[in-house]
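Biologist: Could you walk me through the metal sites in this one?
Modeller: Gladly, let us look at it together.

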Amino acid sequence: MGFNEVRKDYLLDRWVVIATERGRRPTDFSKKEREQAKPSVCPMCPGNEHMTPPATLVYLKRGKGVKKTKDHDNVRHKNWLIRCVPNLYPAFAPPKEKTAPKKIVKRRDLALAVGHHEVLIESPNHDEHPADARIAQLIHVINAYVDRLRQLVAEPYVQYVSIFRNHGLEAGASLSHAHSQIIAMPFIPKIVKEEFKASTKLWKQNGKCVFCDILEREMDGPRHVLENSQFAVFAPYASVNPMEFWIIPKKHEATLLNLSQSEVKTFAETLKTCLNGLKQLVNDPPYNYGFHLTLNKDAGDYYHWHLEVYPRLAIWAGFEKSTGVYINTVTPEVAAESLRKSISS
Ligand SMILES: [Zn+2]
Ligand SMILES: [Zn+2]
Ligand SMILES: [Zn+2]
């Protein structure tokens, strides 16, 4: 009997056992019934705007374009395309007065959770999730991510902005209305920091971006999923999640802030194609996705933004939680092949 492979992440000191012997097929994870959030009055649906705090960003349709505005105390805009509202139970909250950054860190092991926690309502249509969204609507979503990112990074206490999406109850979406979340925080989270440190070190060693190298290599190999003029999609070599894939821009960019409208459109199309491929393949599985980017203006060469998509098909239990070592029962090569087939069918 052969051994399983233990693979190391491109950059992180994170190892995964690729359990090829168990040889699970992606469709083994397909469930007939997905657990749904309990139906109740949806605070994100049109008409219920008063159930949320005033929006920090609203897109309104104006002729062929979009008017960008926000709500005020008692005024809630109606007939919106996109709304971004503060989370009712924020993990990070804005300072009441101007808090000097030095006051956020109290001790070596204690800081105040100063920041922002917002919910981006992706569509007035309850079920317009990215796998099925109109491209025009998905373009609004991406543009709104960028608008909020631009505004939040301007706050002196914000060190990082995490833009992520939970899909399905099992992936943490307690409300089923199509939405993403944005958390602006006063420190750089561990995984991004580790990626950034490693990529900076490699840039200084090799004089080029490691992500540019990775995407070029993966597009030539068995883990490529999709490629178009602006983006590459692949199943990462040491995926910890079954069916995990990453979307990465071919043009070297450290952050989303410089996306052109043509790139936004292609990104929306790429995202929809891949998530729809996943949905068809595994019957609308729960998933999480998150952007990785850097806000360090002097580090544009060293880092390369990307979106990581983690289908929630495995249950991480005692071994993974107590060791930080993962077992993935679908090889990234099989994941990529299945996604390619699903996308092209
Ligand atoms: Zn709704
Ligand atoms: Zn690069
Ligand atoms: Zn990453």
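**The zinc sites**

Modeller: The zinc ion (ligand 3) is coordinated at 2.0 to 2.5 Å by Glu-195 (OE), Glu-195 (OE), His-292 (ND1), His-306 (NE2) and Glu-308 (OE), where donors are N, O and S atoms within 2.8 Å of the metal (3.2 Å for Na, K and Ca), and sites may look incomplete as water is not among the atoms. This is a predicted model, in which local features need pLDDT of at least 70 and side-chain atom pairs pLDDT 80 or more, while totals for chains, interfaces and linings use all residues. Residues are numbered from 1 along each chain as written, chains are lettered from A and ligands numbered from 1 in the order written, and side-chain values use heavy atoms, without hydrogens and water.

Biologist: How are the donor residues of ligand 3 spaced in sequence?
Modeller: The spacing is E-x96-H-x13-H-x1-E, and Glu-195 in helix H2 (residues 190–206) and His-292 in strand E14 (residues 287–292) link parts of the chain 97 residues apart, with helices (H or I, at least four residues) and strands (E, at least two) being DSSP runs numbered from the N terminus.

Biologist: Is Glu-195 buried or exposed?
Modeller: Glu-195 is buried at 2% relative accessibility, and His-292 is buried at 8%; buried means under 20% relative accessible area, exposed over 50%, and partly exposed in between (1.4 Å probe, protein chains only).

Biologist: Switching over, what coordinates the zinc ion (ligand 2)?
Modeller: Cys-209 (SG), Cys-212 (SG), His-252 (ND1) and His-304 (ND1) do, at 2.0 to 2.3 Å.

Biologist: And how accessible are Cys-212 and His-252?
Modeller: Cys-212 is partly exposed at 25%, and His-252 is partly exposed at 26%.
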